[in-house]
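Trainee: I would like to learn how to read a protein model, one feature at a time. Please show me the structure and start with a single residue.

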Amino acid sequence: MSAYRIVVVGCGGMARTWVEYALAREDAEIVGLVDIKAEFAQAMADRYELSCGIYTDLAQALAETGANLVFDVTIPASHFAVCSTALNAGASVFGEKPMAETMEAARELIGIADRTGGSYAVMQNRRYDANIRALSGLMQGGAIGKTGYVGADFFIGAHFGGFRDAMDSPLILDMAIHTFDQARFITGADPVSVYCHEFNPPGSWYAGNAAAICVFEMSDGSVFCYRGSWCAEGAQTSWESQWRVTGERGTAIWDGAGAPYAEVVAGGDQEGKFIRGYERVEAAFEWQGRSGHHGCLDEMFASLAEGRRAETDCRDNVRSMAMVLGAIDSARTGVKVDLRGYY
């Protein structure tokens, strides 16, 4: 019997990556597929020639298969129900972001994980990239000195169709958590407060607000500014965002696609110069992991094998959730929101 008996919940297009990953592991077996539409689950089984059970109810799937791990690849509105059901049944959960649609639900899931001893880790695949790991190393290594400002621009014209087009806050709730989590990762800091202006630009094909500007105060004293749009046609940024980080000694730059670098004040006598001389510092590439979903799933499985919390464990990821839901609260109220009580 495989060490990991997996039930996949949500059999849409995103689930293919998760299924393919599981099939490539010798220690894992997919024992059930769950979807509110049985034909979707059956189509997934047919695509990958799986002989596992087909279900529309997760509790039944867990009871009949003896699964010990659930992949939650459902829409955000379903995450609480899926994760709470799995954890209460004694299974661990690896799930798509975000944890939940409210902080109350996110905190309740943490409580269930604490009570049951199950692991709940959240997919933050954009941490798992050699370039952002190099950027983090550049900053944590002190190349630019103490961080003062972190800026990220995200401008993509994404024509998804489906549930995102109908969401109230599609950019912030479904996508911006990636960039917010990246900011926490590269700075090593947590959010303190946020002011957010959310809006829906002309030409948007989303029902809800598809653009936002957010200003976060962070626990290290820095300010993180996010500017984003999911209905920006032309001159698009990377999906990883474009980054500028200024510190007391210089600035780190990452375009989201290539190698990051820094420009720092050059050595020697700079006294009296209106604009000081700078020298370029290349980032070191030391991380050897895999990219994207595969890298994050590798870490999740390693955490189970080693009996530790994953890097994106729910107890850490709730801080990225606080940035998302605090930004939405700020946009709705028009005031700066203190995030320290959120997590």
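**Reading the model**

Mentor: Isoleucine 156 is found in the loop between β7 and α7. Helices (H or I, at least four residues) and strands (E, at least two) are DSSP runs, numbered from the N terminus. This is a predicted model, in which local features need pLDDT of at least 70 and side-chain atom pairs count only at pLDDT 80 or more, while totals for chains, interfaces and linings use all residues. Residues are numbered from 1 along each chain as its sequence is written, and side-chain values use heavy atoms, with hydrogens and water left out.

Trainee: Is isoleucine 156 buried or exposed?

Mentor: Buried means under 20% relative accessible area, exposed over 50%, and partly exposed in between (1.4 Å probe, protein chains only). Isoleucine 156 has a relative accessible area of 2%, so it counts as buried.

Trainee: Which residues does isoleucine 156 touch?

Mentor: Contact means heavy atoms within 4.5 Å. Not counting residues up to four places away in sequence, isoleucine 156 touches Ser229, Trp230, Cys231, Ala232, Gln236, Thr237, Ser238 and Trp239. As for distance, isoleucine 156 and glutamate 96 are 60 residues apart in sequence and 21 Å apart in space, C-alpha to C-alpha.

Trainee: Is arginine 16 buried, exposed or partly exposed?

Mentor: Arginine 16, in helix α1 (residues 15-23), counts as partly exposed because its relative accessibility is 35%. Leaving aside neighbours within four places in sequence, arginine 16 is in contact with Met44, Arg47 and Tyr48. Arginine 16 and valine 73 are 57 residues apart along the chain, and their C-alpha atoms are separated by 9.6 Å.

Trainee: Where does glutamate 299 lie, and is it buried or exposed?

Mentor: Glutamate 299 lies in helix α9 (residues 292-306). With a relative accessible area of 15%, glutamate 299 is buried. Its contacts, leaving aside neighbours within four places in sequence, are Tyr128, Arg308, Arg309, Ala310 and Glu311.

Trainee: How do I read a sheet, and what is the strand order here?

Mentor: Strands of a sheet pair through backbone hydrogen bonds, either parallel or antiparallel. Two strands are said to pair if DSSP finds at least two bridges between them. Here an open sheet of nine strands has the order β14-β13-β12-β11-β7-β10-β9-β8-β15, with mixed pairing. Its edge strands are β14 (278-282) and β15 (337-338), each of which pairs on one side only.

Trainee: In which sense does β10 pair with β7, and in which with β9?

Mentor: Strand β7 (residues 147-155) pairs with β10 in the parallel sense, over seven bridges. Along that pair, tyrosine 149 stands opposite valine 223, and phenylalanine 155 stands opposite serine 229. Strand β9 (residues 211-218) runs antiparallel to β10 and is joined to it by seven bridges. There, valine 215 stands opposite cysteine 225. The hairpin of β9 and β10 has four residues between the strands, and glycine 221 in this hairpin takes a positive phi near 90°. Strand β10 (residues 223-229) is mostly covered, with five of its seven residues buried.

Trainee: Which residues touch the most other members in the largest nonpolar core?

Mentor: A nonpolar core is a set of buried Ala, Val, Leu, Ile, Met, Phe, Trp, Tyr and Cys residues joined through side-chain atoms within 4.5 Å. The largest has 82 residues, and Val70, Ile172, Phe180, Cys214, Phe216 and Phe224 touch the most other members. Helix α8 gives the most to this core, with 10 residues. A second, separate core of 30 residues includes Val19, Ala28, Ile30 and Cys52.

Trainee: What lines the largest pocket?

Mentor: Rolling a probe the size of a water molecule over the atoms shows where empty space is left. On a 1 Å grid over the protein atoms alone, a cavity is a set of points where a 1.4 Å probe fits but cannot get out, and a pocket is an open set with protein on both sides within 12 Å along at least five of seven lines; lining residues have an atom within 4 Å of a point. The largest pocket is lined by 36 residues, of which Gly10, Val73, Thr74, Ile75 and Phe163 lie nearest its centre. The elements giving two or more residues to this lining are α3 (58-65), α4 (79-88), α7 (163-166) and α8 (170-187).
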